[in-house]
Amino acid sequence: MDLQGFGAQLLAGAWLTIQLAVCASLLGSALGFATMLAKVSGSRLLRAAGFGFANLFRALPELLVILIVYFGLPQMLMALSGQRVEIGPFAAGVIALSLIFSAYSSEVFRGAWRGIPAGQVEAAMASGMGPWLILRRIRFPQIVRLSLPSLGNLWLVLLKDTSLVAVIGLQELMRKAQMATSVTKDPFTFYGAAALLYVVISVVSAAGLQAMERRSRRGLAA
Amino acid sequence: MAFFSTLAGMYGDHWRELLSGLWLALALVAASCGLGFLAALPVSLACACDNKWLRWPAQAFSVVFRGSPLYVQVFLVYFGLPAAMLELYGGNVGALRQSMWWPLLSSPFLLVLVAFTLNNAAYMAEDLRGGLQSVPRGLREAALAQGMGYWLIQRRIVLPLAFRQALPSLFNEVIFTFKATAIASTVTLLDLMGVGNRIFSRTYDVTAYIAIAGIYLVVVAIMARLFGRLERHLSRHLPGAS
């Protein structure tokens, strides 16, 4: 495969892709956890808001969410604050992808929340723990372990969705491949190389995720 | 309130365009899911096969098409396939025009359809493989003991059961594919997203995107409800099904 000197560019793009995915998955997990708390809360209003938010962002095409955040969010913020607001492509990409990630991960977290035996929570309550302490010491650690496999799948989906941020001009892997193609007129090589790089990142991170899962299960009887 | 009147105006002014965009998206979903499913059948059988010369290519296909973004695959086929074919014909555009490939290479819809079909085949094969693994070994052995051959067992025993087991995930792929049709807009196809882009570039009004978001929401909700009903209908004889 002759990359005609664009190899370093593609690698730089891949690095930005990874940064984008890492940022969006961290922010998306935090937001997803908060959404899950809304979904399981006692308040009907909070529950409706949680489910509504998650269902909305699970139903919209990823590309559309990215465009709405990039073009619509600055206008919305401007209308609210009266000041000129600009959101760069990286920030817009992180926001859009983490909204999508949180919609899916909230459902994963909710499954894990329900997977914790009620007896443990009751025992913690009987020991005098408050709701926050129970969340932090009993629920959170187990939710992390129970949801890791599904979160790993969501990570792989997210990794591929980052390519769509190329549409708003962020120079991640896909955009670099487009730029290389426009110079060299050799689309097969560069989109092929980009596809293979995505596959490599996916395969490597899948192996990493498996190691994380194993580690999270340490001390548990098989 | 001003926002909602703008939104209503958006539907009022562009409903014809939006409807044609939705139609194109649905056509792409139907064609790529149908063809993708047909292609997924042999791939899933090969993936579950004992012969490594059949298994490895199928697994490689699955890893490549599930490990890379559909967006890249669309560009690879849309721009890469014509370029690669041209290379094959020695850079002679005239000869390529005369060839049997020209109807495919000159149609953006067909090129996008190829990419979507390959992608769907990889994902659906994975769903079917899960279904195949869920078929109890005893059923195969019983069929074998009755004197059925490999293909008869696959056709009468294994595939119907695997299909029903895989149905919920297959339906999910259909919904994912509908959302993914938005990607077709990046190669100038006027699907729903493409129509939204065109209206946005004319008016620079983000309400255009909100308007198509509403349509995506409604169609996804209808699909989800329809598929849920179909699933219940197909498993109504099973114990525990409501």
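**Figure 1. Contacts in chain B of the predicted model, sorted by sequence separation**. Take the contacts in chain B with a separation of 6 or more. Of these, 74% join residues 24 or more positions apart. Chain B has 242 residues, and buried residues make up 36% of them.

**Figure 2. The helices of chain B**. Chain B has 10 helices and zero strands. Read from the N terminus, its elements run α-α-α-α-α-α-α-α-α-α. The C-alpha atoms of chain B fill a box of roughly 70 × 60 × 25 Å along the principal axes.

**Figure 3. Where chain B meets chain A**. Here 26 residues of chain B are in contact with 27 residues of chain A. Which helices of chain B each supply at least two residues to this side? They are helix H2 (52-67), helix H3 (70-88) and helix H10 (207-234). H3(B) gives the most, with nine residues. Sorted by class, the side of chain B that touches chain A has 20 nonpolar, five polar and one charged residues.

**Figure 4. A:Phe57 and its contacts**. A:Phe57 sits in helix H2 of chain A, which covers residues 44-59. Is A:Phe57 buried or exposed? A:Phe57 counts as buried because it has 20 C-beta neighbours inside 10 Å, and the cut-off for buried is 20 or more. Leave aside residues up to four places away in sequence: A:Phe57 then touches A:Val65, A:Leu99, A:Ile100 and A:Ala103. A:Phe101 can also be located in this view. A:Phe57 and A:Phe101 are 44 residues apart along the chain. Their C-alpha atoms are separated by 8.7 Å.

**Figure 5. A:Gln4, a residue with positive phi**. A:Gln4 lies in the segment before helix H1 (7-39) of chain A. Its phi is near 50°, a positive value in a residue other than glycine. Why does A:Gln4 count as exposed? A:Gln4 has 11 other C-beta atoms within 10 Å, and a residue is exposed if that count is 12 or fewer.

**Figure 6. B:Thr188 in a loop of chain B**. This loop runs between helix H8 (150-180) and helix H9 (192-203). B:Thr188 is not a glycine, yet its phi is positive, at about 70°. B:Thr188 counts as exposed, because it has 11 C-beta neighbours inside 10 Å.

Definitions and conventions. Residues numbered from 1 in each chain as written. Chains lettered and ligands numbered in written order. Predicted model: local features only at pLDDT ≥ 70, side-chain atom pairs only at ≥ 80, totals over all residues. Contact = placed C-beta atoms within 7 Å. Helix = DSSP H or I, 4+ residues; strand = E, 2+ residues; numbered from the N terminus. Nonpolar A, V, L, I, M, F, W, Y, C, P; charged D, E, K, R; others polar.
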